[in-house]
Amino acid sequence: MASERPPSPAPNEPRPIKRLEESLVNRIAAGEIIHRPASALKELIENCLDAGSTQIKVTVKDGGLKLLQIADNGCGIRKSDLPILCERFTTSKLSSFQDLQSLATYGFRGEALASISHVSHLSVVTKTKDEPCAWRACYADGSLVAPKPGLTPDPKPCAGNDGTTISAEDLFYNTPTRLAALRSTSDEYARILDVVTKYAVHNPTVSFTCKKQGFSSPDVSTPSASSVQSNIKLLYGASIARELLHVTTSSEVRKKRERLKGKGKARAEDEDPDWEVEAYATSANYQGKKMVLLLFINHRLVESSRIKRAIEAIYSPVLPKGSSPFIYLSLVISPQHIDVNVHPTKREVHFINEEQIVDDIANAIQDEVVKSGGQSRTFEYQTVLTGGGMISVSGGVNRRESTKRKAGEVDEDGDQIMDDVDTPSGSRPGTPVSSLMQRPKKPLPQHKVRTSAADRTLDSMFAPSAPAPPASRSTPTENEPSSSSSNKVKNRGAVGEIIQESQTTLVSINELRGDVVKKRHGGLVALLTRKTFEADAVANAGFGEIVEKHTFVGVVDLKLSLSLIQHSTKLYLVNHGSLAEEMFYQLALRQFGNFSRIKLEPPPPIRHLIKLAVDAEGDKVKESGMSPEEVTDEIAKLIAERAELLDEYFSIKLNEKTGELESIPSLLKEYTPNLDRLPQFLMRLGPEVNWADEKGCFETLLREVAYFHRPGPIESFIDVETSDDDNEGDDKVAKWQIEHVLFPSMRKWLSPPRRLLEKDVVQVADLPDLYRIFERC
């Protein structure tokens with residue numbers, strides 16, 4: 001059963017109504033007027049302008065919370081007025097309610113300084129032209145206070161220039177909730193700069209300066225003799241000033257238009273106010289991320305949602321989605337037709353015939369935007385010259401416009417057109433031959449390459465340290481190249497050095513080197529003997545050019561041996577393991593008989609290594625009809641019988657007495673093969689090598705050496721516990737070697753055969769194709 005609702009409590013007795021203390025009333029009123037440092041500064045700037053100032057300096061500390069100081073060179077404040085300066089409703093702007101109908105000043109209520117004094121420590125230094133010295137006064141809660149204990153609160157004489165300097169320190173020190181609600185000091189300072197910038201634009205005859213305390217250079221600085229357009233260029237940038245349209249209209253323009261249409265009607269004076277507008281609006285070529293509206297009504301910075309919506313309606317069909325214009329608009333209307341006393345901070349105003357006036361302003365702006373070419377765009381871009389120079393070009397670009405002229409056509413001037421050219425939007429179609437010879441052809445944006453293969457990053461100079469190898473593993477130590485009586489090598493070095501081809505009289509090796517030349521894909525710098533490549537000149541740009549002139553993008557997957565490279569405007573996904581294996585085969589063939597050695601310490605027993613690999617094969621060994629022990633013995637015997645050949649030509653040295661492996665070949669300096677592959681490498685020397693034929697023997701042996709050097713993970717043949725940190729360290733070393741050793745070496749030494757292009761290289765993106773896709777979106 002549902003519980004019953006408890007009875008309502010008896011009504012409380014009515015609370016007595018009390019008169020609030022004056023200090024509490026003033027503090028509440030101050031919270032309505034002074035929201036943040038920027039709103040306090042707005043009130044102070046308006047007081048400076050009312051005083052006839054031509055120079056206003058603003059100094060800020062910690063976003064205006066620690067210090068907000070404004071100094072002007074206006075008329076100053078009389079000493080006799082200082083005692084009541086910060087009291088509420090004390091003003092020199094009006095004396096009766098009727099004065100509001102002819103108000104021509106910013107302030108009129110006399111609440112700004114009073115509100116600031118209730119939420120900060122306020123001090124004023126002022127001097128009129130007639131007084132011999134300046135006077136300094138301090139205020140708290142609207143009243144004079146002593147600047148220091150033991151002194152009287154009366155104003156004190158001091159040195160000073162003509163004008164007034166007002167300093168508000170520790171703003172909101174007694175309202176912690178308001179202080180905590182404010183954002184960071186940098187955000188508050190940005191709001192202060194926004195206020196100063198807007199008033200500086202609207203008052204070009206007044207010099208404005210705004211800076212942080214302790215900084216010599218100001219963040220905003222304008223001259224005293226300027227113009228609205230010049231200040232917009234100075235404060236908002238040349239890109240906005242270049243696209244400004246000057247718009248002017250007034251009530252007289254509308255009256256003349258109505259008289260011409262025969263629709264003029266006599267109206268009462270209070271229903272037809274006089275007004276005039278001056279505006280600077282950007283054309284359709286400017287596309288800002290956020291709308292900037294500087295709206296001044298009777299020289300007062302205000303906001304109007306009606307005017308903002310009208311301007312957005314003008315530009316929405318002209319600008320792309322997400323783009324906004326810049327608008328400066330100054331409306332001057334007769335004071336008797338405007339009500340400025342509708343908002344505590346005077347942020348909003350109401351005036352008669354507001355809807356009609358806004359429509360007239362919007363129509364005037366729209367007419368100027370349409371006249372300037374609302375259906376066109378002007379873009380700036382740079383053309384890269386062959387000689388390395390760079391020029392800036394601009395041109396009008398019509399939407400969705402692109403022309404193509406055929407070879408042999410004649411333009412309007414009778415000049416012949418060159419080969420078929422897609423004329424970029426904005427340039428005149430059908431450029432004559434004589435004109436094209438004077439200036440280089442402009443590349444389209446989708447054909448520009450924004451990377452350089454010559455770029456070198458800082459991490460390429462420092463190889464990451466690999467984790468310490470387990471105690472059971474052999475440690476590789478690079479030794480000097482082996483010497484042979486029948487083979488000689490001139491020099492061998494790192495990636496940036498030249499690896500000379502070894503000299504040999506073996507016909508089979510020379511034939512294998514010739515096969516590399518025949519099978520390559522065109523467009524590569526000489527890999528083998530330069531004479532051989534010069535004789536077989538292949539000029540077709542193909543995969544060789546991609547490898548030679550690529551830019552490394554990144555490793556996609558270490559386990560799958562996938563990486564991304566860029567060539568020109570195309571992006572390729574390549575199998576770096578297959579490419580590296582082919583490069584190592586060609587390097588092994590190039591250095592045949594003169595390999596550097598990797599010395600193994602301590603030397604591992606060869607039979608033990610082969611046994612590890614054979615056991616890992618499992619069922620494959622059983623299919624051969626032999627036991628794992630028999631297979632191991634057979635391969636070990638085969639290697640022992642050919643130990644002299646392996647040592648002389650391949651630097652694979654076997655100690656015949658102990659049966660230990662002392663060294664293995666090194667094909668590339670700064671690159672160490674994965675020793676986890678060593679058992680598999682030795683096991684494959686048995687079934688994978690053609691020992692019956694000389695050429696087949698050398699080719700398959702070189703292939704196995706290359707496969708042993710191939711990068712990529714392989715399952716370990718021994719049980720060694722590795723931590724995540726070790727695996728992460730191994731991955732870092734592998735990625736560094738791939739990026740900074742293998743790919744630079746491929747760029748220099750790899751002559752890629754056509755078979756790699758069929759299965760190990762995939763084009764994944766092309767910049768011109770992406771541009772066409774985006775154009776359709």
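**Aromatic rings in a predicted model**

Reader: Over the face of which residue does lysine 748 lie?
Author: The model is a predicted one. A charge counts as sitting over a ring if NZ of Lys is within 6 Å of the ring centre, among other conditions. Lysine 748 lies at 5.2 Å from the ring centre, over the face of tryptophan 749.

Reader: At what distance from the ring centre of tryptophan 135 does lysine 79 lie?
Author: Here too a lysine lies over the face of a tryptophan, the two being lysine 79 and tryptophan 135. The distance from the ring centre is 3.9 Å.

Reader: How many aromatic pairs are there?
Author: Rings of Phe, Tyr and Trp pair if their centres lie within 6.5 Å. By this rule the count is 13.

Reader: Is the pair of phenylalanine 296 and tyrosine 328 stacked, edge-to-face or tilted?
Author: The ring centres of phenylalanine 296 and tyrosine 328 are 6.2 Å apart, with 50 degrees between the planes. Planes under 30 degrees apart count as stacked and over 60 as edge-to-face, so the rest are tilted. The pair is therefore tilted.

Reader: How many residues apart in sequence are the parts that this pair ties together?
Author: Phenylalanine 296 belongs to strand β12 (residues 292-297), while tyrosine 328 belongs to strand β14 (residues 326-333). The pair therefore links parts whose separation in sequence is 32 residues.

Reader: Is phenylalanine 296 buried or exposed?
Author: A residue is buried under 20% relative accessible area. Phenylalanine 296 has a relative accessible area of 0%, so phenylalanine 296 is buried.

Conventions:
Residues are numbered from 1 along each chain as its sequence is written. This is a predicted model: local features need pLDDT of at least 70, side-chain atom pairs count only at pLDDT 80 or more; totals for chains, interfaces and linings use all residues. Side-chain values use heavy atoms; hydrogens and water are left out. Rings of Phe, Tyr and Trp (its six-membered ring) pair if their centres lie within 6.5 Å; planes under 30 degrees apart count as stacked, over 60 as edge-to-face and the rest as tilted. Helices (H or I, at least four residues) and strands (E, at least two) are DSSP runs, numbered from the N terminus. Buried means under 20% relative accessible area, exposed over 50%, partly exposed in between (1.4 Å probe, protein chains only). A charge sits over a ring if NZ of Lys or CZ of Arg is within 6 Å of the ring centre and within 35 degrees of the ring normal.
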